[in-house]
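Take a look at the model below.

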Amino acid sequence: METLKTKPEGSQAEHELGDETFMSAADLRNYMTEMQMAKAVKSTDGITGRAEKAREDLIKRLSEPLDLTPERLKEILEPLRSKLRAAAARGQTELMVMRFPNALCTDKGRALNNADPTWPETLTGRPRQAYELWRDQLRSAGFRLNAMIIEWPGGLPGDVGFFLKWGEQKK
């Protein structure tokens, strides 16, 4: 009886592109890992792309100031009052009332992060309007505004948060 040869003879036959040799178990595992990694990267790229698009849309939307008619102002202040009451009922003394990308600051949040007293001048769009609303109406009612960088992607300033505070001030 003659033995069948299942492996071609030759020094590089199994490593040549397009050969018909079987993959070893280790080669198959490596191939599977590479395919899974490629799918994960593709999926992550898709998610990252969608997240970046959503962020760009948010920046565009928040860059455009609202027409603050008395009716529109009422639409903004009524839910705010409700949220403030609910936070106070929970025993809280502050509430984050706005979060926005640092791209809405002309200096990407540098002045705000460094506690520069002129930081409000760097605000644009709706964040600027929110600051002015606090300055013109809520400050006289005893509310304080704390603005800070609340996210540090890659160690760099990211999103900004506006917090209204009404508790006792530390002296």
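How many residues does α4 have, and how far does α4 reach from its first C-alpha to its last? In this predicted model, α4 has 14 residues and spans 19 Å between those two atoms. At 1.5 Å a residue, 20 Å would be expected, so the value is close.

Next, the burial of this helix. The buried residues of α4 are G125, P127, Q129, Y131, L133, W134 and L138. Two of these names, Y131 and W134, return below.

Now the rings. There are five aromatic pairs in the structure. One of them joins Y131 and W134. Y131 counts as buried because its relative accessibility is 14%, under the 20% cut-off. W134 is buried too, at 10%.

F143 and W166 make another aromatic pair. This one is edge-to-face, with 6.4 Å from centre to centre and 75 degrees between the planes. F143 belongs to the loop between α4 and β2 (144-149), while W166 belongs to the segment after β3 (160-165). The pair therefore ties together parts that are 23 residues apart in sequence. W166 is partly exposed, with a relative accessible area of 25%.

Finally, the rings can be viewed as a group. Y131 and W134 belong to one aromatic cluster with F100, W119 and F162.

Note on methods:
Residues numbered from 1 in each chain as written. Predicted model: local features only at pLDDT ≥ 70, side-chain atom pairs only at ≥ 80, totals over all residues. Heavy atoms only, no water. Phe/Tyr/Trp six-rings, centres within 6.5 Å; stacked < 30°, edge-to-face > 60°. Buried < 20%, exposed > 50% of the residue type's maximum accessible area, 1.4 Å probe, protein only. Helix = DSSP H or I, 4+ residues; strand = E, 2+ residues; numbered from the N terminus.
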